[in-house]
Amino acid sequence: MGGCGSAATGEKSDKQVFIDSLLSTMSLEAKVGEMTQLTLGAILQKEKKKIIEPQDFDSLRAAEALIEYQVGSILNCGNHAHTPAKWHEFITGIQERAALKESRIPVLYGIDAIHGPTYTSEAVLGPQQIGLAATWNEELVRKNAAATAAQVAACGIPWNFSPVLDLGRDPRWPRFWETFGEDPLLASRLGVAMVDGYQNGEVPFAATLKHFFGYGFSLSGKDRTPAWIPERELREYFLPSFKAAIDAGAMSIMVNSGEINGIPVHANRHLLTDLLRDELGFKGVVVTDWADIKYLYKRHKVAEDYKEATRMAIEAGIDMSMVPLDLEFSEALVELVQEGTVSEERIDLSVRRILNMKWELALFETGGMPPALQNYPDKSRFEGTAARAALESITVLKNEGQHAVYPDRPILPIGGTGKVFVTGPTAHSLNALNGGWTGTWQGNNPLYNTPGRPHLAEAMAGHFGADRIVDAPLTMDFDSEDIDRIVRSIKTARPACVVLGLGEMPYTEFVGNDEDLSLFSNQKELVRTIHALNVPIVGVFIEGRPRTFADIEPLMDAVVMAYLPGDYGGQAIAQVLDGSYNPSGRLPFTWPRHPSAHLTYDHKHADRFEPDSSGGFYPQYPFGHGLSYTTVEYSNFSLKDSIYHLGDTIRGTVEISNAGERTANELVLVFAQDHVASITPSVRRLRDFKRVYVGPGETVTYDLKLPISDLSFVHRDLKDRVEPGAFTLVINEITADFKVE
Ligand code: BGC
């Protein structure tokens, strides 16, 4: 699809001619309507504010919003997933009404289909972004996004509020799992891949980069609370993922709901216009987050009332307001223009961008009507991709062999013929595997689960054979009586090992705020009690953020992180545990050892001046960590030259050997250390990564090619450039030194 650029020649494109002529016929009310987005629930029948089931339009409200106020965009789902047929009914009803309004412009429907079509029943749900990040596989990310686009567009919805390009640098933040983890380079590459998959697939479909920007790094770690991030740091860490995806042609951006340095981002012209438009050249649509103009006066207290808040947000640079429940925004904006506070040219600027996006999404060709229902894609086309992503994400963090039951080898893969006991609070829940934004906003209502998809215990029975699995369900709030029951069952079953589904049940946004990052005390007690029975324990974390568990980690023989792997996650975990897949997932974040001891891998030297042996940095598991069932070794790392100049590319090789008996899906991580710099350098920064396959007994030569420009950092003048001096490259803890002159 064509992106949002203007024609290079002086002549107007068909699109420009069309938009110009349409705009010239639009009333102020029609223009403001285009800038207004309501939630579906606002036009559905309700009783005492609750949507009536089965859901249907409230014909008066729908007519008022869509025909009288000419609302240009609708979002969300009326609280839960719908069948493709129901989606067709909704979209058709909306577009039929839109065709009756004065401007007759089709409505742009947007949704949060963040790990597959989250609000379409029986669709294919892959891993959440934190799990996708653990695959470090751009092509898989692209394919999963393309599958989402094909299914969501077939419902008649052409706009997705995804990907999240905020960084997950603070695991306290409840939206950590919606990110690609802590590193700017990883988030940039996977973000570009996701945008590519959404926008350049078989159907017109738009991505939204959210939430622009610095959202995930508040002081308190809680959702939508104040952040203090100097502009240099904003640009160094939080901007690259957005910049890369803007350069890749992303069609829209959603704004960060929070405040940074005392200024709500929705009112920050410097970030939304000077930086985003003038410097980064973003030409697409900027949409607010949920009710965020209203919050300028209700929550942030920077405006007296709605009208002032609206003026601030428009002046800052927003194009569309996710209002989402009333028509006050439209009224306030019309008034602001009529009294001359906001110019009609400013309104035209935003409306042009919205019409451009509607053109790119072919809404003027189709009237926004959904494609024929009989063409809804067969889900078997996408299941393989989702299942593969889940499989490649599962990360083995610990695998030891000191246990009496398995004296000679690590516990994984679980071999033999003995019974496997499966329990723990996440082992019997498909909701746990999927996380938030699944079927419902919070993702915790089993009514909307995909029929037939197995949770962990069912998948274990499928892979190990039902006769080998003994399972005992637990809920999150299990107590000592439940633990006693489990102990009795284990004693009776005498299993070869216990597989424990640990972690969290789903949450979304502020609902997941938490005062304590520690693993829940009842789960720790469960581990301690089972350990005392002298049975090997395989702990499987199904959770969106790394909860700390240092005190019980030594009691588990193996530890596996499954993240939120989606509908195919149960079988993916089982395939790693039974050894039919050689694990390849790698942590896209640093796992803290203690709740208050979190540092990202790219911390500063001064973060570790404590004079103890750990040097102040002792994570539970480091960024990039992940074990496999084979032994890979790196050797002979050498660079072609030892001195480079600014425009050069570093070239070198490293040999990667597989001494084991299984093919390795190895992840090569290239870190750089800048020895001395005018802004304190990080101890290391990830500068490149690549997956390579190494067969059993094979040695492959990895060719390193790293442009010197990739070693740049943001200086005091906020410009990004490389500073000459001494550097070291680190690949799998082998180093090579060079100089930039
Ligand atoms: C979230 C966004 C989401 C929007 C629409 C907001 O509460 O912050 O990420 O896209 O709702 O559902």
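Lys 398 and Glu 553 form a salt bridge, with their closest N and O atoms 3.6 Å apart. A salt bridge here is a side-chain nitrogen of Lys or Arg within 4 Å of a carboxyl oxygen of Asp or Glu. The pair links distant parts of the chain, 155 residues apart: Lys 398 is in strand β13 (residues 395–399), and Glu 553 is in the loop between β17 (537–542) and β18 (558–561). Helices (H or I, at least four residues) and strands (E, at least two) are DSSP runs, numbered from the N terminus.

Lys 398 is buried, at 7% relative accessible area, and Glu 553 is buried at 12%. Buried means under 20% relative accessible area, exposed over 50%, and partly exposed in between (1.4 Å probe, protein chains only).

## Basis of the values

This is a predicted model, in which local features need pLDDT of at least 70 and side-chain atom pairs count only at pLDDT 80 or more, while totals for chains, interfaces and linings use all residues. Residues are numbered from 1 along each chain as its sequence is written, and side-chain values use heavy atoms, with hydrogens and water left out.

## Other salt bridges

The count of salt bridges comes to 48. One of them joins the side chains of Asp 602 and Arg 169 (2.9 Å, N to O). Asp 602 lies in the loop between α21 (569–577) and β19 (632–639) and Arg 169 in the loop between β6 (159–160) and α7 (184–199), so the pair ties together parts that are 433 residues apart in sequence. Asp 602 is buried at 2% relative accessibility, and Arg 169 is buried at 8%.
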